[in-house]
Amino acid sequence: MLTAILVMVGLGLALGIALGYSSLKFKVEGDPLVEKIDAILPQTQCGQCGYPGCRPYATAIANGEADINQCPPGGEPGIKLLADLLGVEPKPLNAEHGEPKPKSVAFIDEQTCIGCTLCIQACPVDAILGAAKQMHTIIAAECTGCELCLAPCPVDCITMVPLAEDIGNWKWRYPVFEIKSEIKAEARA
Amino acid sequence: MNILAKIFNASNGVHPPEHKLESTNTPIQKVAVPERLVLPLRQHIGNMPKVLVKAGDSVLKGQLLAEANGTVSAAVHAPTSGTVVAIDEQVIPHPSGLPDMCITLKPDGLERWVAHDAVDYHSMDRAELLRRLRQSGIVGLGGATFPTHLKLSPKGAHPVVTLVLNGAECEPFITCDDLLMRERADEIILGAQIIQSLLGTVECFIGIEDNKPEAAAAMREACTRAGFVAKVGIVPTLYPSGDARQLIRLLTGKEVPAHGRSTDIGIQCFNVATAQSVYRFFAHGETAVSRIVTITGNVARPGNYEALLGTSVDDLLKAAGGDLPNTDGYIMGGPMMGFTLPSSAVPMTKAMNCVIASTPGLFPPPAMEMPCIRCAACADVCPVSLQPQDLYWYSKSNNLEKALEYNLLDCIECGCCTYVCPSHIPLVQYYRYAKSESIAQERAQTAADQARVRNDNRLARIEREKQERAQRNALRTAKTDTGNDADKQAAIQAAMERAKAQKEGVTPQNTENLSPAVQAEIAGIDALRGDVPSPAQTTET
């Protein structure tokens, strides 16, 4: 009886020490799930989800506080990827948080800009260049199209310009067979 | 001197009707200088070059109009002397039909050359030669239009020991390289010698398809005349053996690794027309101002025409006797990889090796797409040994991740699979769609990663500034708190002394050195001012 108790206590102690040591030694810094969710989010940093950026939203999803359908820039493909990652059913985008829009960049009308720096402070990715009482301008390549600079502008000199298709970003289309032309051809024959 | 090269196992491919004889009956003809030249700035792969001229400038033939900008870029030169009339967006020969920046030139018809000299490539430093080549505007003329100076300075870990000259020209209808080899073989070989000395290669292969015996004979004779040691490989006529990777395998038996370049196995490949341009540049100082283009199909006089870059397709067709009735479109490049031009008004670019006037008889409209019957005919002909059926399923269902796993990006878009498909499935169009879609996704991912880094940096900066401010505040309060009354008094006293000293030091007005008349005037104004209260006084009241 005593031997058995001693063996169990000894085992318990030994395993406890091993577990305690490994929990300190192999501690995971940060939440790897947050990183994975953050990698899927489009990094627009627009805050339409109700959180002050993509990482806070990712943290909220990981903690189960936010739903996966609150990101309009990510759209349906983003929701699908998040659903795949988290093992849940995809759901339609929550319209409360806005509609997906074509990618745009902000444009400052330099005639109207008064150089107040309010937009510079609002930009989450430092994509606006300028100084107090100096004209501001957008670094288009860095702009995520979050629209956060629109509201603070006191003279409404910022507009969103949708990115036009040009030779540089043109994509081949999905092949579509035109049924209409075939019917016409048959009618002619 | 030349040796007949052994040809290694033929790769897969197809053999569509060649249609080459139509355009090889006549020698290369020159097209007259047209009334207007339109030069797209982006005639190459890479960055848009930087424009150096403005509308209204008069320029000479060969003058630099736009210089290479960034690493992967090529210059644009004036193809003839004349006046720049506009720099704006115009429709360019591109499958999208979208406009791009172009320089429009009105030729004066005098063909006055800018000062240009031969480059002494025997004695000049290699770096200097490459620098000059960078501003020569020479790009790969086989169709890929990759800047040539970059191909001559490979940065791979392996030394490049083998040069492959590509004269295979495997696409149906196209004969511009064939005629060039027949008529200007000596210039090609001299160009190859320059390339060989720049690259430091020790052996040279020349690949020519067996449907061009005259060209092969001309090239052999030119090698003998120049004393150039090259192995001329007569490869079987099978599309797409003119693809650089296929040709390298046929001639050397080596395979370029997936996701790699030919320089990884010590081989660099140049089109014969590119070699000729290199020779023209170094031996005569001539920049890229013209090229040879095959005009064929439903035209009165199919043949090869040497035209200035920027000549419109309409002018080229006119030179070829105009198109015959029933023409329903114009194809740039060959029927396998080419595309329908958005309009016949587009200019000829460095990439344009062929224009085919098409008729419904030559290229019937695509038959209706039927379901895949899993016959594997596409897999049999795929020259890069991919699984076209799997790629088709994944591309069609937008499963890009899976398509990439099946090496979608190794597809060379040769179109053999589409050509043989009994169900008329436009397979290569699906791959093109999936490829451009996955490239766009990758670009979006890069942009997102960049935005994440910028956002993180901004948050870190805000946090740092906050801490610094808190630190400064803490320091200030600490300073005021620690001092006793005597210290404080001393500090106040010192500040007062400083202010006093400053006040005394200031010269009241810098009016000492003025003439007596001006002094008097100032005194008068001061007297007047005495009546008006000063701003300081106003605020006090």
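This is a predicted model: local features need pLDDT of at least 70, side-chain atom pairs count only at pLDDT 80 or more; totals for chains, interfaces and linings use all residues.

Mentor: Residues are numbered from 1 along each chain as its sequence is written, while chains are lettered from A and ligands numbered from 1 in the order in which they are written.

Trainee: Which domains does the assignment give for chain B?

Mentor: Domain bounds come from an automatic or database domain assignment. For chain B these are domain 1 (2-291) and domain 2 (369-475). The C-alpha centres of the two domains of chain B lie 30 Å apart.

Trainee: How many residues of domain 1 of chain B are in contact with domain 2 of chain B?

Mentor: Two residues are in contact if their C-beta atoms, placed from the backbone, lie within 7 Å. By that criterion, 10 residues of domain 1 of chain B meet 11 residues of domain 2 of chain B. The domain 1 side comprises five nonpolar residues, four polar and one charged. Here Ala, Val, Leu, Ile, Met, Phe, Trp, Tyr, Cys and Pro count as nonpolar, Asp, Glu, Lys and Arg as charged, and the others, Gly among them, as polar.

Trainee: Which helix gives the largest share of the side of chain B that touches chain A?

Mentor: The contact between the chains involves 21 residues from chain B and 20 residues from chain A. Helix α12 (residues 427-482) of chain B supplies the largest share of the chain B side, 13 residues. Helices (H or I, at least four residues) and strands (E, at least two) are DSSP runs, numbered from the N terminus. The chain B side divides into eight nonpolar, five polar and eight charged residues.

Trainee: Why does G334(B) count as buried?

Mentor: A residue is buried if 20 or more other C-beta atoms lie within 10 Å of its own, exposed if 12 or fewer, and partly exposed in between, with C-beta atoms placed from the backbone. G334(B) counts as buried because it has 24 C-beta neighbours inside 10 Å. This residue sits in the loop between β16 (329-332) and β17 (339-340) of chain B. Leaving aside neighbours within four places in sequence, its contacts are E171(B), P172(B), F173(B), I174(B) and C354(B).

Trainee: Which residues touch the most other members of the largest nonpolar core?

Mentor: A nonpolar core is a set of buried Ala, Val, Leu, Ile, Met, Phe, Trp, Tyr and Cys residues joined through C-beta atoms within 7 Å. Of the 123 residues in the largest one, they are I195(B), M219(B), V293(B), L316(B) and V355(B). Helix α3 (residues 176-199) of chain B gives the most to this core, with 13 residues.
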